[in-house]
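Please look through the structure below together with the report that follows it. The report takes up a few local features in turn and sets each in its place along the chain.

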Amino acid sequence: MIETREGYAPQSPATLAAYLGGIPRVAALLGGAPSGWNIAEVGDGNLNLVFIVKGPAGGVAVKQALPYVRLVGESWPLPLSRAHYEHMALSEQARLTGRLTPEIYHYDETLALIVMELLEPHIIMRRGMIAGIEYPKFAEDISTFMARTLYFTSDLALTADKKKAMIAAFAGNTALCKITEDLIFTDPYRVAPLNRWTSPQLDAYAAEWRDDGDLKVAVSRLKLKFLSSAEAMLHGDLHTGSIMLTPADTRVIDPEFAFMGPMGFDAGAVIANFLLNYFSQDGHEKEPGGRDGYREWVLATLQQIWVFFRAKFLALWRGDGMGDAYPAALFEDAEGQSRLEQERQAYMDRLWTDTVGFAAAKMTRRILGLAHNIDLEWIEDKDRRALCEARALILSRDMMVNPGNYASVEALAEAARRTRRNVLNY
Ligand code: SR1
Ligand code: MG
């Protein structure tokens, strides 16, 4: 059933002008009269309405939840409450990371609508990477974002009462979690009506994935972790479509899938999208080898993201460690300090293994499931696209089933190079 809520109506440019005109802070930011504002609906995501509003003095972006999945239509209802969780996560991320999120100007719970900073001249990172643009600050920024949001909402930093309060606060975002549980961890491995892939080129892969017992066990272990490990507040959908940036400024947007879950899910999302972009470059280069340099930038940045994240997370833990996990009283003397440091390293190693698994699941779902990436979708030549996708699928299968083959991020980057070199047909 499509949710109805008193006072809720999807906005149009005309209704939005009148509405924003009644919010003094926003009206002042835009300047002039509402009748003179330029408003366009520009949403190209899977779920929501997004408006860009410009007035003589400035601009704002407005995001409004629809009571259904935009990509599919009214046949797939989705609760408006996701705007509540998005607003809560954005506020927490802003508190923890400052300028790495857009500024929020206004939130309306009834309309499920957020008015925020218009990010200009930022573009969606996925589009920039398809165009071959390098982002020299990105690894620094995203590793800070992940380290601070994940560390400070975990049991390493929070007392148990505060951590449980956060779990309670996000526990109702079940419909968005269910999308992930179905679309990432289940549907690509079974016959599901909304699955799609490059056909007929990848028909045999889709059939094989549905018939692969090892893969089904591996992805189900990951699903169990996603369902049961409330380690930290996740962004929940940290792909390159959830990042707007310029080479000098990075902002993380769209945390409507936020909930308390396993940290490797966020880290894995970033890694997966870098690997998918890496494999997609063969479909975007104008002449063979034309994107060799960019491909290496993608892998070098992927490695930096993990190396920087690990170092920053560990530094926060060493300098803080105020949470109820690993009580200081148990590790006071030199021997205790040394054991605790060994444990920190082991913790990060386990987190890397989770990250590899979640990255693999996120790669597979973008090729065999419902929601695909334009990195691959925009490759018009279907044979060429299928080759890029087959490489990503082959690597992702091994990452999921044999995570021990990827003990370091360098090993993962080298495996991506090797897969591209060795897989010459889909
Ligand atoms: C039906 S929603 C499909 C996907 O879009 C979002 O960006 C999430 O990744 C979700 O899985
Ligand atoms: Mg989104």
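## A pair of strands and their sheet

In this predicted model, strand β2, covering residues 48–54, and strand β3, covering residues 59–65, run antiparallel to each other and are paired over seven bridges. Within this part of the structure, V53 has V60 of β3 standing opposite to it. In general, the strands of a sheet are paired by hydrogen bonds of the backbone, in either a parallel or an antiparallel manner.

Strands β2 and β3 belong to an open sheet of five strands, whose order is β1-β2-β3-β7-β6 and whose pairing is antiparallel. Because β1 (38–41) and β6 (104–108) stand at the edges and have a single partner strand each, one side of each of them is left without a neighbour in the sheet. On average, and with direction ignored, neighbouring strands of this sheet are turned by 15° against each other.

## Confidence of the prediction

For the protein, the mean pLDDT is 97, and 100% of the residues reach 70 or more. Confidence is lowest in strand β5 (residues 73–77), where the mean is 94, and highest in strand β9 (residues 232–234), where the mean is 99.

## Salt bridges

Searching the whole structure gives 33 salt bridges. In one of these, the side chains of D44 and R127 meet with a distance of 2.7 Å from N to O. Since D44 lies in the loop between β1 and β2, while R127 belongs to helix α4 (residues 125–130), this pair ties together parts that are 83 residues apart in sequence. With a relative accessibility of 54%, D44 counts as exposed, whereas R127, with 35%, counts as partly exposed.

Another salt bridge is formed by the side chains of E341 and R344, at 2.8 Å from N to O. Both E341 and R344 lie in helix α12 (residues 334–368), where they are three residues apart, about one turn of the helix. E341 counts as partly exposed because its relative accessibility is 22%, whereas R344 is buried, with a relative accessible area of 8%; the cut-off that separates the two classes is 20%. The side chains of E343 and R350 also meet in a salt bridge, here at 3.7 Å from N to O. Of these two residues, E343 is partly exposed with a relative accessible area of 25%, and R350 counts as partly exposed with a relative accessibility of 45%. Elsewhere, a network of salt bridges links D282, E285, D292, R295, R391 and R420.

## Cis peptide bonds

A cis peptide bond, with omega of about 10°, joins E120 and P121.

## Positive phi angles

Which phi does A112 have, although it is not a glycine? The phi of A112 is positive, at about 50°, and this residue has its place in the loop between β6 and β7. A112 is buried, because its relative accessible area of 1% falls under the cut-off of 20%.

D254, which is not a glycine either, has a positive phi of about 70°. The loop that holds D254 runs between β11 (249–252) and β12 (259–261). As its relative accessibility is 23%, D254 counts as partly exposed.

## A nonpolar surface patch

On the surface, L71, V72 and L194 form a nonpolar patch, and together they have about 210 Å² of accessible area. With a relative accessibility of 37%, L194 counts as partly exposed.

Definitions and conventions. Residues numbered from 1 in each chain as written. Chains lettered and ligands numbered in written order. Predicted model: local features only at pLDDT ≥ 70, side-chain atom pairs only at ≥ 80, totals over all residues. Heavy atoms only, no water. Patch = residues over 30% accessible without salt bridge, like charges linked within 9 Å, V, L, I, M, F, W, Y side chains within 5 Å. Areas by Shrake-Rupley, 256 points an atom, 1.4 Å probe, with all protein chains shown as cover. Salt bridge = Lys/Arg side-chain N within 4 Å of Asp/Glu carboxyl O. Buried < 20%, exposed > 50% of the residue type's maximum accessible area, 1.4 Å probe, protein only. pLDDT = per-residue confidence, 0-100. Helix = DSSP H or I, 4+ residues; strand = E, 2+ residues; numbered from the N terminus. Pairing = 2+ DSSP bridges. Axes fitted to C-alpha atoms, helices over the stretch in contact; angles between N-to-C directions.
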